Amino acid sequence: ARFKVERHTDDEMSGEAEHPYPVLNRMQRKKLVALRANSTYIYDFLEIFEDIIGKSDPSWATGGLSGKDDASFKATELVVNAEGNLEEARRPPGNNDCGMVIFRCWMRTPECRMGREFVIVGSDLSFQSGSFSPREDIVYYKALEMCRKEGIPAVYIAANSGARIGLNEDVKKCLQVAWVDPTNPSKGYDYLYLSEADYNSLS
C-alpha cells in the first residue's frame, strides 16, 4: 500500500470537517485484512506476477490484467461449479465465496518467448481468515488435479489460519481429553476421544 502525507492549513482542515471521511470500499477492506495479518491479499498476487514478468524484459508492455492481446501475463479465475468441475468465474474480482481461489495463468518470459501456462492456487485471508473446510479442500484438490492431468506447474500461496471444523453440539459435549499429565493440564494433551458408550449412542 502507498500512503501520501500532505500538510494542510487550518482553513483547509476546517473545510474538510464539513465532509465525511471516505469509507473504504469492499476490495480495500479485504486488502486491509491481509495487511493486518502481515500478508498480501490473494488477488493482489496477480499484479505482483505481472510486475515481475514485465521487469524481466522492460521492452514488453504486459497489460495482462487490462486485457491487452500482446500481454506477457494473463490470468483467469476458475471456480468449482455445482457438478464439481472447474469453470471460468463469472464475477468481479474479490467476490469469491470460498477461502481458496484458483487462477489459470499464462506468461511469456525471456526464457520462454512462446509463453507457458501455470496455475496459482491460494488462500484468501479475508474470507474466514483463510481457514480450511472441506469446501476449500475440494477447490485445492481440483486445481492440483487439473495440473496433473494437463502437465502444467502449480504455484501454491499458503496464507491461512488452519482448519475450520464445525462440530455437532452433542458431539462436543461428549469429547474427552487424554491429558499428558491429568494432574497438570498445562503440559498439554495427546488427543481427544469419545468413550465407547458415547460413540455408540452418537452413532
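Predicted model: local features only at pLDDT ≥ 70, side-chain atom pairs only at ≥ 80, totals over all residues.

Reader: Now the helices. How far does helix α3 reach from its first C-alpha to its last?

Author: A helix can be checked by setting its reach beside the span expected at 1.5 Å a residue. Helix α3 covers residues 44-56, which is 13 residues, and reaches 19 Å, close to the expected 18 Å. Helix α4 has 17 residues and reaches 24 Å, close to the 24 Å expected for it.

Reader: Which residues of α3 are buried?

Author: Buried means under 20% relative accessible area. In α3 the buried residues are D44, F45, L46, E50, I53 and G54. They pack against helix α2 (26-36) and the strands β1 (73-80), β3 (100-109), β4 (112-123) and β5 (154-157). I52 also lies in helix α3, but I52 is exposed, with a relative accessible area of 53%.

Reader: How far apart are I52 and T109 in sequence and in space?

Author: They are 57 residues apart in sequence and 10.0 Å apart in space, taken C-alpha to C-alpha.

Reader: And which residues of α4 are buried?

Author: For α4 the list is E136, V139, K142, A143, E145, M146 and C147. The cover over these buried residues includes β1, β2, β3, β4 and β5.

Reader: I'd like to zoom in on one member. What is C105 in contact with, leaving aside its neighbours within four places in sequence?

Author: C105 is in contact with F73, K74, A75, R116, E117, F118 and I120.

Reader: Charged side chains next, please. How many salt bridges does the structure hold?

Author: There are 9 salt bridges. To read one, look at the distance, then at where each partner sits. The side chains of K31 and D44 meet at 2.4 Å, N to O. K31 belongs to helix α2 and D44 to helix α3, so this pair ties together parts that are 13 residues apart in sequence.

Reader: Is D44 buried or exposed?

Author: D44 counts as buried because its relative accessibility is 17%, under the 20% cut-off.

Reader: What does the side chain of D97 meet in a salt bridge?

Author: D97 meets R135, at 3.2 Å, N to O. D97 lies in the loop between β2 (86-88) and β3, whereas R135 is in helix α4 (residues 134-150), so the pair ties together parts that are 38 residues apart in sequence. D97 is partly exposed, with a relative accessible area of 40%, and R135 is partly exposed too, at 45%. Both belong to a network of salt bridges that links E77, R91, D97 and R135.

Reader: What about E87 and R90?

Author: Their side chains meet in a salt bridge at 3.5 Å, N to O. E87 is partly exposed, at 29%, while R90 is exposed, at 73%.

Reader: Last topic: backbone angles. What is phi of N38 near?

Author: Most residues other than glycine have a negative phi. Phi of N38 is near 55 degrees, a positive value in a residue other than glycine. N38 is found in the loop between α2 and α3, and N38 is exposed, with a relative accessible area of 78%.

Reader: Which residue follows α4?

Author: G151 does, and its phi is positive, near 70 degrees.

How values were computed. Residues numbered from 1 in each chain as written. Heavy atoms only, no water. Helix = DSSP H or I, 4+ residues; strand = E, 2+ residues; numbered from the N terminus. Expected span 1.5 Å × (residues − 1). Buried < 20%, exposed > 50% of the residue type's maximum accessible area, 1.4 Å probe, protein only. Contact = heavy atoms within 4.5 Å. Salt bridge = Lys/Arg side-chain N within 4 Å of Asp/Glu carboxyl O.
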